[in-house]
Amino acid sequence: MSNRQLGIIVLVIAMVIVAISVLFTNNLARSLQSEEQKNMAIWADATRQLILAEDDADIDFVSSIIEKNTTIPVYICDAEGKVIASRNVEKESENLQILKSSNGDHHGPIELKIDESTTQYIYWDDSSLLTRLRYVPYAQFALIFIFIAIIVITMLTAQRSEQNRLWVGLSKETAHQLGTPISSLNAWQQLLADKYPDDEYVPQMKRDIERLQLIADRFQKIGSEPDLQAQNVVPVIESAVSYMRTRTSSRITIDDSALQNVKRTVMLNAPLLRWVFENLLKNAVDAITGEGTISLQIHENEHDVMLDISDTGKGIESAAQRRIFEPGFTSKERGWGLGLPLAKRIVEQYHGGKLILKQSQPGVGTTFRIVLKKPENG
């Protein structure tokens, strides 16, 4: 059973519990309200008997009925709505209409006929118990909502943790698998260098093997806490640009003039961050069909350094822009959809920065922005 299916089941169960709880509580509230109405009828009759009682009459029983009402707010009013007496009321009002506008509608009235010319009216509010009971479903709903939120967060965290373990395992296994052939290639390259010291292709082979070793080292570092140092980020960018220039068509111009004679110190791990720059530059190259330009701009504020990598390529469709950082999503015919998610992970989780799609327009181009933190001591 998938996490999504489990989440739907939990949500359905929670909604059923809420529905049953609301129905049960409402039924209980109606029953309690009906009982309070009956009690108020008895209370009104006891009040009438108390008012009409002779001076020598035994009123203990009637008084006990009246005194037992300690929870239901009661108002006795004359025909004009003026409050004559009240019980269990925190704030008295001289006029019932004023009381209604400030405290809500009242139950009643029950007519209290004193004599042929005098009639009083009894109004009452819900007891504090009934009032609290009406709020129970909302409290239960809030608790269940919190419960669902905790479950969803837990499942998402577990899923993300599982994805992280998969990333780390895949990266380290890749580095391990590359280790043996790289060692073998190193030995063959050294043998060729000894046998053909003047061959122009042997140094190129050595550089490619070193490149493979660098890639393996980068994958090996995934999942480990990187060592961040305060360094000028521009040489790291220029190194990635230099590498991509030798592997890019002459019809594509990489304009890094904005980086010349610029120094921007940030906290970074050079091997990992250089891979991010290379990946973004490669994506920019792949996005350009025929002639085009890739430009780099660097900005800063008090706390951060921002690098913008822009291309004049085909751009990204709006529907795909929300998914470009999802593992496995790719718009290329040949691609795994892992480059941008891994680059984002390196920038945000390992460097505490940000990697965002700043803007993209189909047929015009795309700009990615990398934000890196400056050292705290400046």
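Modeller: Before we start, a salt bridge here is a side-chain nitrogen of Lys or Arg within 4 Å of a carboxyl oxygen of Asp or Glu. This is a predicted model, where local features need pLDDT of at least 70 and side-chain atom pairs count only at pLDDT 80 or more, while totals for chains, interfaces and linings use all residues. Residues are numbered from 1 along each chain as its sequence is written, and side-chain values use heavy atoms, leaving out hydrogens and water.

Biologist: Thanks! How many salt bridges does a search of the whole structure find?

Modeller: The search finds 12. One of them joins D308 and K358, with the closest N and O atoms 3.1 Å apart.

Biologist: Where do D308 and K358 sit?

Modeller: D308 is in strand β9 (residues 304-311) and K358 in strand β10 (residues 354-361), so the pair links distant parts of the chain, 50 residues apart. Strands here are DSSP runs of E, at least two residues, and helices are runs of H or I, at least four, numbered from the N terminus.

Biologist: Is D308 buried or exposed?

Modeller: D308 is buried, at 4% relative accessible area, while K358 is partly exposed at 44%. Buried means under 20%, exposed over 50%, and partly exposed in between (1.4 Å probe, protein chains only).

Biologist: And what do K282 and D286 do?

Modeller: Their side chains meet in a salt bridge, 3.1 Å from N to O. K282 and D286 are four residues apart in helix α7 (residues 270-287), so about one helical turn separates them.

Biologist: Which residues are linked in a network?

Modeller: R264, E300 and K374 are linked by salt bridges.
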